[in-house]
Every structure is written in C-alpha cells, then in structure tokens.
Amino acid sequence: MKIISSSFQEFGWEVRYLGPNLPLEYAVQSALGWKPGVIGLSVSIVYHLPQITSYINELESLHHKPLVMVGGRLTGMLNIAYQHQPLPGHAGSLFMRDP
C-alpha cells in the first residue's frame, strides 16, 4: 500500500496512508472526516479475509459514496473479486489483482 500511496501522490492525488491493521471503526471515522473519493484496501493475510466484506460494505455505504479499491495477494489467489456485489445505486467497487 505504501508504494501505491506514493504512486498516487506522484500523479497529484492527495493521499492519506493509514497503515496496516486499521480497525473498521477508525477507517469509517477517517473516511467520514476526510470524505475521500477513493479508498484503497489490501488483503494479504488469510486471517483478515473474513473481515474484508464488512470493510467494503461499510465504506461503500458512506453518504459520499467513495469508490473502494481492493487489492493484495489474496484477491488473486482466492478470486474474491467475484464474491462481492455492489450496493444498489452504487457504481460498484474496483478490485485489482496482482499480476
């Protein structure tokens, strides 16, 4: 995520990197305060996999409707990109896969 954060900054995006293992309540609180247009998540540890859907649903349901991007080693290995359905009225999430 640090590399992605730096890449977005190089192209003029305003970025806030919140670090790994951020509890959902703090992610939501930060998103409500800052109102980003895009939120990036990474999942690379199997232990965190059951929580990713909760993060996606909660962040996509925010009033300002950010685009939630999910990437990481497990997105390709377990093909989670096809398990999440976008919320009604939302453009959907962009899932990135590692090559």
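This is a predicted model: local features need pLDDT of at least 70, side-chain atom pairs count only at pLDDT 80 or more; totals for chains, interfaces and linings use all residues.

Tutor: Happy to! Helices (H or I, at least four residues) and strands (E, at least two) are DSSP runs, numbered from the N terminus. From the N terminus on, the elements here run α-α-β-α-β-α-β, which gives the chain 4 helices and 3 strands.

Student: Okay. What share of the residues counts as buried?

Tutor: Of the 99 residues in the chain, 30% count as buried. Buried means under 20% relative accessible area, exposed means over 50%, and partly exposed is in between (1.4 Å probe, protein chains only).

Student: What about contacts between residues at least 6 apart in sequence?

Tutor: Among those contacts, 70% join residues at least 24 apart. Contact means heavy atoms within 4.5 Å.

Student: Let's zoom in on helix 2. Which residues are buried there?

Tutor: Ala27, Val28 and Ala31 are buried in helix 2. Seen down the helix axis, the buried residues fall within an arc of 95°, so they line one face of helix 2. The arc is that of the directions from the helix axis to the C-beta atoms.

Student: What do those buried residues pack against?

Tutor: They pack against strand 1 (38–42) and helix 3 (49–60). The face of helix 2 turned away from the buried side carries the exposed residues Glu25, Gln29 and Gly33.

Student: Now strand 1. Where is glycine 40, and what does it contact?

Tutor: Glycine 40 lies in strand 1. Leaving aside its neighbours within four places in sequence, glycine 40 is in contact with Met1 and Met69. Glycine 40 is partly exposed, at 41% relative accessible area.

Student: How far is glycine 40 from methionine 1?

Tutor: They are 39 residues apart in sequence and 8.0 Å apart in space, C-alpha to C-alpha. Serine 5 and glycine 40 are 35 residues apart in sequence and 9.0 Å apart in space, again C-alpha to C-alpha.

Student: Is serine 5 buried or exposed?

Tutor: Serine 5 is buried, with a relative accessible area of 11%. It sits in helix 1 and touches Val15 and Tyr17, not counting residues up to four places away in sequence.

Student: Where does tyrosine 17 sit?

Tutor: Tyrosine 17 is in the loop between helix 1 (2–10) and helix 2 (24–34). At 38% relative accessibility, tyrosine 17 counts as partly exposed. Together, Met1, Ile4 and Tyr17 make a nonpolar surface patch of about 260 Å².

Student: What goes into a patch?

Tutor: Patches are made of residues with over 30% relative accessible area and no salt bridge; like charges are joined within 9 Å, and nonpolar side chains (Val, Leu, Ile, Met, Phe, Trp, Tyr) within 5 Å. A salt bridge is a side-chain nitrogen of Lys or Arg within 4 Å of a carboxyl oxygen of Asp or Glu.

Student: Switching topic: how many aromatic pairs are there?

Tutor: The count comes to 1 aromatic pair. Phenylalanine 8 and tryptophan 13 form this edge-to-face pair, at 5.1 Å centre to centre with 80° between the planes. Rings of Phe, Tyr and Trp (its six-membered ring) pair if their centres lie within 6.5 Å; planes under 30 degrees apart count as stacked, over 60 as edge-to-face and the rest as tilted.

Student: Last one: what is the phi of asparagine 21?

Tutor: Phi of asparagine 21 is near 60°, a positive value in a residue other than glycine. Asparagine 21 is in the loop between helix 1 and helix 2 and counts as exposed at 60% relative accessibility. Lysine 65 also has a positive phi, about 50°, and lies in the loop between helix 3 and strand 2 (67–71).

Terms used:
Residues are numbered from 1 along each chain as its sequence is written. Side-chain values use heavy atoms; hydrogens and water are left out. Accessible areas come from the Shrake-Rupley method with a 1.4 Å probe; for residues, only the protein chains shown count as cover.
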